[in-house]
Amino acid sequence: MSEKEVNILLVEDDYLDIMNVERELKKINIEHPIHVARNGREALNMLRGDGTEKISPAPSVILLDINMPKMNGIEFLTELRREPEFSHIPVFIMTTSNEESDRMAAQRLNVSGYIVKPLTFDTFEKGPSSLDSFTLFLDLIKMK
């Protein structure tokens, strides 16, 4: 596998959830740069380089909360999927919402997985998970 810089974009407005994601990634030895945006609008600006430094290279994965101020996760994902430069990026929804409407909206926008918070990777190892694709992706990142 070729050497490629890996970036992770975490779009999350809750400070404790940000700390939790960073801690869980470190526990499984993921030490790639994590860029944090506090809402969808800020994330789009970081991707495009509008008024802030552009994330370069583009993130290899986006971890996305649904319920955020200014621009929520579904609105962000809708915009992301419209932009050819970013439409291919795997996105994993992270939310406390168990609403079927949120799941359906996310699936229509081609998410790679849906994670109900609080995020913990310990549960992934205890049996089959709807996040098998996420753990597979993490394995690929670890190999880089």
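Isoleucine 8 has isoleucine 34 as its bridge partner in strand S2. This pairing belongs to a predicted model, so let's take a friendly walk around isoleucine 8 and then visit leucine 16 for contrast: isoleucine 8 is buried, whereas leucine 16 counts as exposed.

**Strands and helix**
- Isoleucine 8 sits in strand S1, which covers residues 8-11.
- Strand S2 covers residues 34-37 and runs parallel to S1, with four bridges joining the two.
- Together with helix H1 (residues 15-27), S1 and S2 make up a β-α-β unit, and this unit is right-handed.

**Around isoleucine 8**
- The relative accessible area of isoleucine 8 is 2%, and because buried means under 20%, this residue counts as buried.
- Leaving aside residues up to four places away in sequence, isoleucine 8 touches Leu25, Ile30, Pro33, Ile34, His35, Val61 and Leu63.
- One of these contacts, Ile34, is also the bridge partner of isoleucine 8 in S2.
- Isoleucine 55 lies 47 residues from isoleucine 8 in sequence, and their C-alpha atoms are 9.5 Å apart in space.

**Around leucine 16**
- Leucine 16 belongs to helix H1, the helix of the β-α-β unit described above.
- Its relative accessibility is 59%, and because exposed means over 50%, leucine 16 counts as exposed.

Technical notes: Residues numbered from 1 in each chain as written. Predicted model: local features only at pLDDT ≥ 70, side-chain atom pairs only at ≥ 80, totals over all residues. Heavy atoms only, no water. Buried < 20%, exposed > 50% of the residue type's maximum accessible area, 1.4 Å probe, protein only. Contact = heavy atoms within 4.5 Å. Pairing = 2+ DSSP bridges. Right-handed = clockwise from strand over helix to strand, strands pointing away.
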